[in-house]
Amino acid sequence: MDFGILDLIRIVGALGFFIFGMKVMSESLQQVAGSGMRKVLGTMTTNRYTGVLTGFLITAILQSSSATTVMTVSFVNAGLLSLVESAGVMMGANIGTTITGWLVSLIGFKIKISAYALPIIAVGFPMLFSSKDRNKKWGEVLIGFALLFMGLGELKAAVPDIKNNPEVLSFLNEFTSPGILTRLMFVGVGTLLTVIVQSSSAAMTLTIVLTTQGLPLDIAAAMVLGENIGTTITAELASLVANVHAKRSARIHSLFNIVGVTWMVIVMPWFLDGLQWFLGLFFSKGFDSSNFALAAFHTSFNLLNVILLVGFVPQLVKLATRSVKSKGDEDEEFRLEYISRGVFSSSEIALAEASKEMYNFGKLIKKMTDQLLDLSNETKDKKVTKLMNKIQKMEELTDEMEEQINGFMIRVSAASLSEKSSIELRGMLSISHDLERIADIIFRMSKDIERKHKKEMKFEDGQINNLNSLAKLIDESIQIMLTNLEKPAHEVSITEALHKEDQINKYRSKLRKEDLKMVENKGYDIKAGIIYRDLFNGYEKIGDHAINVTEAILGQGIKDEEDLASAGKE
């Protein structure tokens with residue numbers, strides 16, 4: 001049988017037809033059920049085991065492991081999932097993606113779905129013109145479903161019949177020895193195929209079609225293992241633009257699949273023998289179960305791999321953390337590092353975790369004050385815009401951090417707490433509020449500076465020096481606050497913080513008096529003066545909140561819950 005370039009193009013076209021149908025169906029399903037799936041992902045992942053179930057259900061419903069893994073990476077990026085929780089979801093997605101193989105085997109080969117494809121499109125097409133968006137999307141789901149199986153029909157027709165092509169079979173016979181290198185070679189073929197078509201489901205379907213046309217099961221199984229590795233590329237690509245935690249989540253997915261493929265490559269001959277014996281119990285001897293065997297292999301491998309590795313998730317997390325180093329700066333600051341959304345063992349440990357998180361929060365505030373000083377002395381448009389974007393991004397992050405920390409504290413407060421722990425908890429709520437308020441003030445000050453820059457207002461040399469001097473005092477105050485956040489409460493002294501706060505207040509009073517005198521000067525720029533006053537008043541307010549943090553560490557001046565709630569509405 002001759003096989004030329006036109007035959008290859010026909011296979012590629014049929015595969016494209018299949019992928020397009022899958023894309024239409026999957027994307028429409030995501031739009032119909034996506035918000036619900038995201039809600040499920042955010043609420044059903046309290047630990048790695050429920051994460052596995054969640055990942056399986058979402059992938060089985062959406063018919064896209066890529067959608068699940070990308071969604072998971074984005075949740076990790078936003079700090080809504082921990083690495084341990086995301087690992088469970090990724091594992092479940094691996095099981096869920098095997099449903100495609102069963103659909104293709106059960107429907108695509110046993111029922112002539114292509115005969116029903118046009119009637120299905122006939123039902124779905126009028127739905128596209130519905131006034132209800134949900135009905136439109138369900139119409140797209142039906143059309144995508146029909147196109148998917150029409151593409152599968154074309155793919156079956158395009159793939160050459162290996163059974164009746166002795167030359168191909170003789171070529172393959174050279175590779176069907178039980179050698180591990182042979183299996184590794186076809187693992188590589190499967191990986192490459194998935195990377196090229198960017199769909200593990202499409203690669204799996206093509207492999208099933210090849211199996212029904214005579215491709216030996218051991219070769220097809222090795223290719224399926226490679227497709228499991230190839231599908232991790234999607235998560236890795238999705239994480240490229242995300243933070244370090246999302247990159248680590250994608251790396252956990254890759255490590256999980258690589259470890260699984262490694263042990264399966266070693267035991268594959270015995271595993272396939274056992275699988276075929278098991279299938280023989282259910283199918284008669286005259287029944288062609290080649291496509292079922294591959295789907296069964298795909299499911300059993302992924303299920304067994306999850307059972308074996310779900311207990312080693314913490315080790316996978318450690319390995320991913322070591323392999324993906326943080327670049328520092330805001331790369332590490334996009335989510336809570338210590339606070340876990342899972343069940344904590346005791347309120348005391350929970351408070352210790354929160355204490356570490358407060359220090360991270362303080363470090364972020366220190367970065368914001370540094371960026372503000374750089375912004376106030378910058379004159380180039382591009383750098384001003386870049387600094388403004390950084391400050392805005394960090395301010396949004398502080399809002400999220402405060403919300404997550406407060407939510408965590410509410411959970412802790414539900415437990416029975418000692419008087420000391422209760423005071424400590426209220427102190428942390430107060431600290432979280434003050435740190436977020438500092439971020440708000442910095443952002444408002446940055447907008448003042450941006451407005452001054454855009455309108456080309458000028459400060460006098462004396463004003464610039466005054467603001468820089470006050471900024472230096474604030475920087476020292478923030479550093480004292482940060483040092484106190486890092487120490488155990490019993491080692492903290494308020495003396496240095498009070499001294500610095502007194503210096504800030506006196507310097508601000510001096511600037512206010514000087515500014516009032518300058519207003520009497522006819523050459524004084526009133527508009528620039530308004531911004532100048534806003535800036536030195538803003539610095540003084542930052543100092544107030546910084547001293548509040550140290551007081552809260554010591555249990556002094558802590559607001560009660562009602563005060564904090566009303567303050568949060570400011």
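This passage describes the fold, confidence and selected local features of a predicted model.

Residues are numbered from 1 along each chain as its sequence is written. In this predicted model, local features need pLDDT of at least 70 and side-chain atom pairs count only at pLDDT 80 or more, whereas totals for chains, interfaces and linings use all residues; side-chain values use heavy atoms, with hydrogens and water left out.

The protein chain contains 22 helices and zero strands (DSSP runs numbered from the N terminus, helices being H or I of at least four residues and strands E of at least two). Of its 570 residues, 50% count as buried, where buried means under 20% relative accessible area, exposed over 50%, and partly exposed in between, with a 1.4 Å probe and protein chains only. The chain exposes about 27,000 Å², of which carbon and sulfur atoms supply 60%; accessible areas come from the Shrake-Rupley method with a 1.4 Å probe, and for residues only the protein chains shown count as cover. Contacts (heavy atoms within 4.5 Å) between residues at least 6 apart in sequence join residues at least 24 apart in 81% of cases.

The mean pLDDT of the chain, the predictor's confidence in each residue from 0 to 100, is 77, and 75% of the residues reach 70 or more. Over residues 340-346 pLDDT stays under 50, and the model has 18 contacts beyond four places in sequence for this stretch. Residues 560-570 also have pLDDT below 50, with 10 contacts beyond near neighbours in sequence. Where pLDDT is low, the predicted coordinates should not be read in detail.

Helix α10 comprises 13 residues, 200-212, and spans 18 Å from its first C-alpha to its last, close to the 18 Å expected at 1.5 Å a residue (1.5 Å times one less than the number of residues). The helix is mostly covered, with 13 of its 13 residues buried. G214, which follows α10, has a positive phi near 120°.

A nonpolar surface patch is formed by I180, L181, L184, I266, V267 and W270, which together have about 620 Å² of accessible area. Helices α9 (180-197) and α13 (244-280) each give two or more residues to this patch. Patch residues have over 30% relative accessible area and no salt bridge, like charges being joined within 9 Å and nonpolar side chains (Val, Leu, Ile, Met, Phe, Trp, Tyr) within 5 Å; a salt bridge is a side-chain nitrogen of Lys or Arg within 4 Å of a carboxyl oxygen of Asp or Glu. V267, located in α13, is partly exposed at a relative accessible area of 31%.

N484 lies in helix α19 (residues 461-486) and counts as buried because its relative accessibility is 5%. Apart from neighbours within four places in sequence, N484 contacts V492, S493, T550 and I553.
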